[in-house]
Amino acid sequence: MTVAMSSTCPGLYCGKINGSFGQCGVCPRGERTNLEKICEKCMETPELYDWLYLGFMAMLPLVLHWFFIEWYSGKKSSSAVFQHITALFECSAASVVTLLVNDPVGQLSIRSCRVQMLSDWYTMLYNPSPDYVTTLHCTQEAVFPLYTIVLIYYAFCLVSMMMLRPLLVKKIACGLGKTDRFKSIYAALYFFPILTVLQAVGGGLLYYAFPYIIFVLSLVTLAVYMSASEIQTFKNIIAKKKRVVVLLSHWLLHAYGIISISRLDKLEQDLPLLALVPGPALFYLLTARFTEPSRILSEGGNGH
């Protein structure tokens, strides 16, 4: 146990010896300073909000996999569904392996340091200079393991994809050309580095903003999909199974966003909010007929 000096950096300890600072450094990984400014091992379990954040970061590659598989498979490709299932298996296997290799090793659970403020994510920006001459570097994962576990998960996702997808796609994607069948894999080789940089640079901002990102994007994508598919009635939705799946998926994202925003601190007040999940789709169906471009143009031409 090492005494820490009072500083804005949550991972820096520094004992004072004969009036000068000595034995300065950062707390070991998996530890951070407590209220008494002493390095202490983090033994807490992640809060619900922390798990929701990890779930959001885990969903990003899966959703992007599904998007590019659907984009490049074409309407007549029978391999799209199998590729969707394969992508789900890859991400699920990567998440399990990630939990197993993190502390405590071999268990499907993690211990964590509680996030207290945004600066906890960017300790490299808070290197103090107690004597205004010497800078004490305190770069450390004060939000252990929320920062690195996502990067580890992305690495395992990439490895599992490269081990499974090329062989499976080569056998099942017979309806596509030799170049088209691998385009969804090529797309993943682009978006995984982007996701890695996004987590490395903006992990702290995403931690606080992801509930609103989920909610807004799910609303926008649902409206765009229903508009592009020319869905104006409930019968148009149930006419195709794919449309039903897309609608239910967006409802799950709506619910995920509502739960993340409310954090279910007060169940009696927060659970009724889930009744608003079908609201955007119902509003679209009720108002779509009044905003159809052809109708507006015809009424404008008639002078109404």
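I begin with a pair of helices, in which α1 passes α2 in a right-handed crossing. Please bear in mind throughout that this is a predicted model.

In general, two packed helices are described by the angle between their axes and the distance between the axes. Here, helix α1 spans residues 48–73 and helix α2 spans residues 80–101. Their packing angle is about 155 degrees, and the axes lie 10 Å apart. Angles over 145 degrees count as roughly antiparallel, and therefore α1 is roughly antiparallel to α2.

Which residues bring α1 and α2 together? From α1, the contact draws on Trp-51, Leu-62, His-65, Trp-66, Ile-69, Glu-70 and Ser-73. On the side of α2, the partners are Ala-80, Gln-83, His-84, Ala-87, Leu-88, Glu-90, Cys-91 and Leu-99. Sorted by class, the residues of this contact comprise 9 nonpolar, 4 polar and 2 charged.

I turn now to the cavities. How many cavities of 30 Å³ or more does the structure hold? There are 2. Two or more lining residues come from each of two elements, namely α4 (183–228) and α6 (241–262).

What is the make-up of this lining by class? The second largest cavity is lined by 7 nonpolar residues and 1 charged residue, with no polar ones.

Thank you for your attention.

Conventions. Residues are numbered from 1 along each chain as its sequence is written. This is a predicted model: local features need pLDDT of at least 70, side-chain atom pairs count only at pLDDT 80 or more; totals for chains, interfaces and linings use all residues. Side-chain values use heavy atoms; hydrogens and water are left out. On a 1 Å grid over the protein atoms alone, a cavity is a set of points where a 1.4 Å probe fits but cannot get out, and a pocket is an open set with protein on both sides within 12 Å along at least five of seven lines; lining residues have an atom within 4 Å of a point. Grid points are joined across faces, edges and corners, and a volume is the space filled by probe spheres set on the points. Helices (H or I, at least four residues) and strands (E, at least two) are DSSP runs, numbered from the N terminus. Ala, Val, Leu, Ile, Met, Phe, Trp, Tyr, Cys and Pro count as nonpolar, Asp, Glu, Lys and Arg as charged, and the others, Gly among them, as polar. Axes are lines fitted to C-alpha atoms, for helices over the stretch in contact, and angles run from 0 to 180 degrees between N-to-C directions. Angles under 35 degrees count as roughly parallel, over 145 as roughly antiparallel, 65 to 115 as roughly perpendicular and the rest as oblique. A crossing is left-handed if the near helix is turned anticlockwise from the far one by less than a right angle, and right-handed if clockwise. Contact means heavy atoms within 4.5 Å.
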